[in-house]
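Subject: Structure for your files

Dear colleague,

Please find the structure below. My notes on it follow.

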Amino acid sequence: MGDKNKTEKKDKKNKKTGKALCKLAKGDFIKEHLEDYKSLVGDPKYLCRKCGRVAADKKNLCKTEKLQEG
Ligand SMILES: [Zn+2]
């Protein structure tokens, strides 16, 4: 008995993940963590030259380009 033991791991790492948005956006991150995503892109300072995404932190992009010079 007790074989209906659902071991759901809701411990999906940190929300403020260091992964590139470019990768996150392909998965369910936006759907599941919309507010987190907003905070990541809310005040964009960097642009990804590869896929055109923007983020406040360059570590969240794969090919970083500064949005504003200086
Ligand atoms: Zn990218």
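A residue is called buried here if 20 or more other C-beta atoms lie within 10 Å of its own, exposed if 12 or fewer, and partly exposed in between, with C-beta atoms placed from the backbone. By that count, 13% of the 70 residues of the chain are buried. This is a predicted model, so local features need pLDDT of at least 70 and side-chain atom pairs count only at pLDDT 80 or more, while totals for chains, interfaces and linings use all residues. Residues are numbered from 1 along each chain as its sequence is written.

Secondary structure

There are three helices and three strands in the chain; helices (H or I, at least four residues) and strands (E, at least two) are DSSP runs, numbered from the N terminus. Along the sequence the pattern reads α-α-α-β-β-β.

The three strands form an open sheet in the order 2-1-3, with antiparallel pairing; two strands pair if DSSP finds at least two bridges between them. At the edges are strand 2 (54-55) and strand 3 (64-66), each of which pairs on one side only. Strand 1 (residues 46-48) runs antiparallel to strand 3 and is joined to it by three bridges. Within strand 3, Thr64 is the residue opposite Cys48.

Core and contacts

The largest nonpolar core has seven residues: Ala20, Leu21, Leu24, Leu40, Tyr46, Ala55 and Leu61. Such a core is a set of buried Ala, Val, Leu, Ile, Met, Phe, Trp, Tyr and Cys residues joined through C-beta atoms within 7 Å. In soluble globular proteins, nonpolar side chains tend to be buried together.

Two residues are in contact if their C-beta atoms, placed from the backbone, lie within 7 Å. Leaving out residues up to four places away in sequence, Ala55 touches Leu21, Leu40, Val41, Pro44, Tyr46, Asn60 and Leu61. For the chain, 25% of the contacts between residues at least 6 apart in sequence join residues at least 24 apart.

The loop between helix 3 and strand 1

Gly42 lies in the loop that links helix 3 (34-41) to strand 1. Gly42 counts as exposed because it has 11 C-beta neighbours inside 10 Å. From Gly42 to Ala56 the C-alpha to C-alpha distance is 7.0 Å, at a separation of 14 residues in sequence.

Asp43 is also found in the loop between helix 3 and strand 1. With 10 other C-beta atoms within 10 Å, Asp43 is exposed. Asp43 and Asp57 are 14 residues apart in sequence, and their C-alpha atoms are 9.1 Å apart in space.

Regards
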